[in-house]
Amino acid sequence: EIIDEILKHEKKTGALVSVNHPFHPETPFLHDIDMENVDFLEIMNSPYYYEEIDYNGEAVKFLDYLWLNGLKIFGTGGSDSHKPLKSGSETVGIPLTYIYSDGLSANNLLYAMKKGNIYVSKNSGTELKIHNNGEEIFPGSEAAGNVKFTIKAEEDTKWNLIKNGKITKSKTGKKAEFDFDISEEEFYRVEGCSTEDGRITVYVNPVFNNIKFQNKHTWSELMSKYLSEKKEDFIK
């Protein structure tokens with residue numbers, strides 16, 4: 001209850017709230033907060049990329065699950081570092097979060113983030129363009145009709161087009177284009193994965209069409225439901 005009150009107060013001041021590294025066992029998020037106060041889920045946190053268990057990939061799956069349950073929450077990256085890797089190298093600045101902002105003031109950046117106009121990349125040099133019926137739009141936008149994603153990286157990447165949480169198309173290479181028509185109650189996003197181990201290296205926030213969003217849920221009920229359904233799928 002105390003955390004909820006803090007978040008409600010901060011939201012009134014215009015702050016944005018991100019739930020970070022939700023699946024890491026050392027620092028999991030355990031507060032049963034009201035999801036109306038949450039703007040982002042951290043889906044890529046660099047130090048965890050190198051660990052045996054793919055915590056980033058699990059966060060991406062959970063974010064798709066939130067969208068399927070009508071929550072308009074966007075993915076973001078965490079480029080801070082609490083500790084060096086076993087090799088002694090630091091990871092500050094990995095990943096990069098790209099923001100489509102009309103100007104570089106703090107207010108403009110926060111406004112663009114609130115709309116989900118961002119994508120995250122583990123490596124530099126990733127470029128993205130999205131067109132809707134020939135007009136450029138940004139991640140996090142509502143769209144109707146034809147949508148085209150064009151994305152490229154500096155290294156070979158496995159690119160996946162995700163529709164309502166499921167992979168519909170895949171391409172491998174430094175560049176990929178995905179062209180499709182979006183219908184009501186659908187969301188599409190693109191992700192890039194390592195060709196070596198399949199872990200996510202690029203996350204692009206969804207574009208969507210006429211989804212009835214309702215963040216009337218709590219964190220614990222959503223997480224419990226997600227883990228329960230995941231266990232049932234595993235048993236099947």
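How many bridges join E2 to E3? Five bridges do so, and the two strands run parallel. The structure is a predicted model, in which local features need pLDDT of at least 70 and side-chain atom pairs count only at pLDDT 80 or more, while totals for chains, interfaces and linings use all residues. Residues are numbered from 1 along each chain as its sequence is written, and side-chain values use heavy atoms, with hydrogens and water left out.

The elements named here are DSSP runs numbered from the N terminus, helices (H or I) having at least four residues and strands (E) at least two. E2 and E3 belong to an open sheet of three strands with the order E1-E2-E3 and parallel pairing, where two strands pair if DSSP finds at least two bridges between them. The edge strands, each pairing on one side only, are strand E1 (18-19) and E3. Within this arrangement, Met-44 stands opposite Gly-77 in E3. H3 packs on the sheet by touching E2 and E3, and its direction makes about 155° with that of E2; such angles run from 0 to 180 degrees between N-to-C directions, the axes being lines fitted to C-alpha atoms, for helices over the stretch in contact.

Helix H3 itself covers residues 55-68, and at 1.5 Å a residue its 14 residues should span 20 Å, which agrees with the 20 Å between its end C-alpha atoms; the expected span is 1.5 Å times one less than the number of residues. The helix is mostly covered, with twelve of its 14 residues buried, where buried means under 20% relative accessible area, exposed over 50%, and partly exposed in between (1.4 Å probe, protein chains only). Among the buried residues are Tyr-55, Phe-62, Leu-63 and Trp-67. Just after H3, Gly-70 takes a positive phi of about 80°.

Not counting residues up to four places away in sequence, Asp-64 touches Ile-162, Gly-165, Phe-187 and Arg-189, contact meaning heavy atoms within 4.5 Å.

A nonpolar core is a set of buried Ala, Val, Leu, Ile, Met, Phe, Trp, Tyr and Cys residues joined through side-chain atoms within 4.5 Å. The largest such core has 36 residues, of which Ile-43, Phe-62 and Trp-219 touch the most other members. Two or more residues come from each of strand E2 (40-45), H3, strand E5 (118-121), strand E11 (200-204) and H5, and H3 gives the most, with eight residues. Leaving aside neighbours within four places in sequence, Ile-43 is in contact with residues including Ala-59, Val-60, Leu-63 and Val-120.

Some backbone details lie in the loops. The peptide bond from Ile-94 to Pro-95 is cis, with omega near 0°, and Pro-95 lies between strand E3 (74-78) and strand E4 (96-99). Asn-133, although not a glycine, has a positive phi of about 55°, in the loop between strand E6 (127-132) and strand E7 (135-137). Asn-210 likewise has a positive phi, near 50°, and is partly exposed, with a relative accessible area of 31%.
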